[in-house]
Amino acid sequence: MENQTVSMDVISIEGLKVTPQSSVPAFILLLLIYIFIMVSNIGLVVLITMERSLHEPMYLLFCNMSVNDVFGATVVTPRLLSNIFTPITERYVHYIDCVVQAFASHFHAGTSHTVLMVMAFDRYVAICNPLRYATVMTNRMVVKLSVGAWVAAFISVAILLGLTIRLTRCRRVIINPFCDNASLFKLSCQNLLINHIYGLSSAVVILGSSLGSVTLTYLKVTMVCLSGKNKVLNSRALQTCATHLAVYIIMLVASFTPMIMHRRPEWADSGKVASILFHIIPPALNPVIYGLQCKELRQKIVSVFHKNKVMDVKSFH
């Protein structure tokens, strides 16, 4: 009986499917991308924290995104790397570890949406109500918005996974690169109607509110900028909003691609790869997009590299 309990607590997981010939290149590529995500995002957070001139709501809110991107990449990538040289038939994970990874992956996805909604609100106030910006976007408000973004995603995902872990399990195989909610409830032979209803409802609410609020916000911002008289300020405002919108579109594409591919059996394997890309592509591109497009950030990054270069030259002499 004890052996049966232990065996049900250990699950076989497919992981990343690669041929033996491509396992080394895949490992090196994935490792390099992960290192870049960690260095670029943590570097931006440290830069914003250390530079008092960057202690503005827009940059402080951006720190939420960088932290979430590091979290999202760390949830999936290390385990994929550790399993890449292990035969698929020998890849196992404890059920509790699988639940934790599923919770973390959905928490990352939910927070990606809520943080971008908060950032859109910040740009709306800055551009559409500039005279009230300083009184509305205080440090206290920034903290409230940040905490609200994380807590809203946490509660939604906690209910989602709570409905799944209550189910009894009759299967032990997950055919997916990593653990997620769908993989977990498919281990059960019970009625999954409640799981499907809540899962679909929460996805519609998060995606709908995210897409609706971001679209309406940037439409309003664009109208204000196009009707404004100060062309230079309007151009800068539009450029900043375009940066936010580019990040949002990348996230949406990365979100919807695996959903669409999973609907077609012939695209199933490609859909699994696409689900990994959601945790890799946006976290890798976000710091690049913000670092290149935001003038203040770009100048600070250049000044830091220039300062280090001068110090190296002095130490050499």
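The second largest cavity holds about 30 Å³ of space, a cavity being a set of points on a 1 Å grid over the protein atoms alone where a 1.4 Å probe fits but cannot get out, with lining residues having an atom within 4 Å of a point. Volume here is the space filled by probe spheres set on the points, which are joined across faces, edges and corners. The model is predicted, with local features needing pLDDT of at least 70 and side-chain atom pairs pLDDT 80 or more, while totals for chains, interfaces and linings use all residues. Residues are numbered from 1 along each chain as its sequence is written, and side-chain values use heavy atoms, leaving out hydrogens and water.

Among the residues lining the second largest cavity are Leu61, Val115, Met119 and Ala149.

| Cavity | Volume | Lining residues |
|---|---|---|
| Largest | about 100 Å³ | eight nonpolar, five polar, one charged |

In the table, Ala, Val, Leu, Ile, Met, Phe, Trp, Tyr, Cys and Pro count as nonpolar, Asp, Glu, Lys and Arg as charged, and the others as polar. Of the lining of the largest cavity, α4 gives the most, with five residues.

Helix α4 also contains Thr114, which counts as buried (under 20% relative accessible area, 1.4 Å probe, protein chains only) because its relative accessibility is 15%. Thr114 touches Ala149 and Ala153 (heavy atoms within 4.5 Å), not counting residues up to four places away in sequence.

Terms used:
Helix = DSSP H or I, 4+ residues; strand = E, 2+ residues; numbered from the N terminus. Buried < 20%, exposed > 50% of the residue type's maximum accessible area, 1.4 Å probe, protein only. 1 Å grid on protein atoms, 1.4 Å probe; cavity = no way out; pocket = protein on both sides within 12 Å on 5 of 7 lines; lining within 4 Å.
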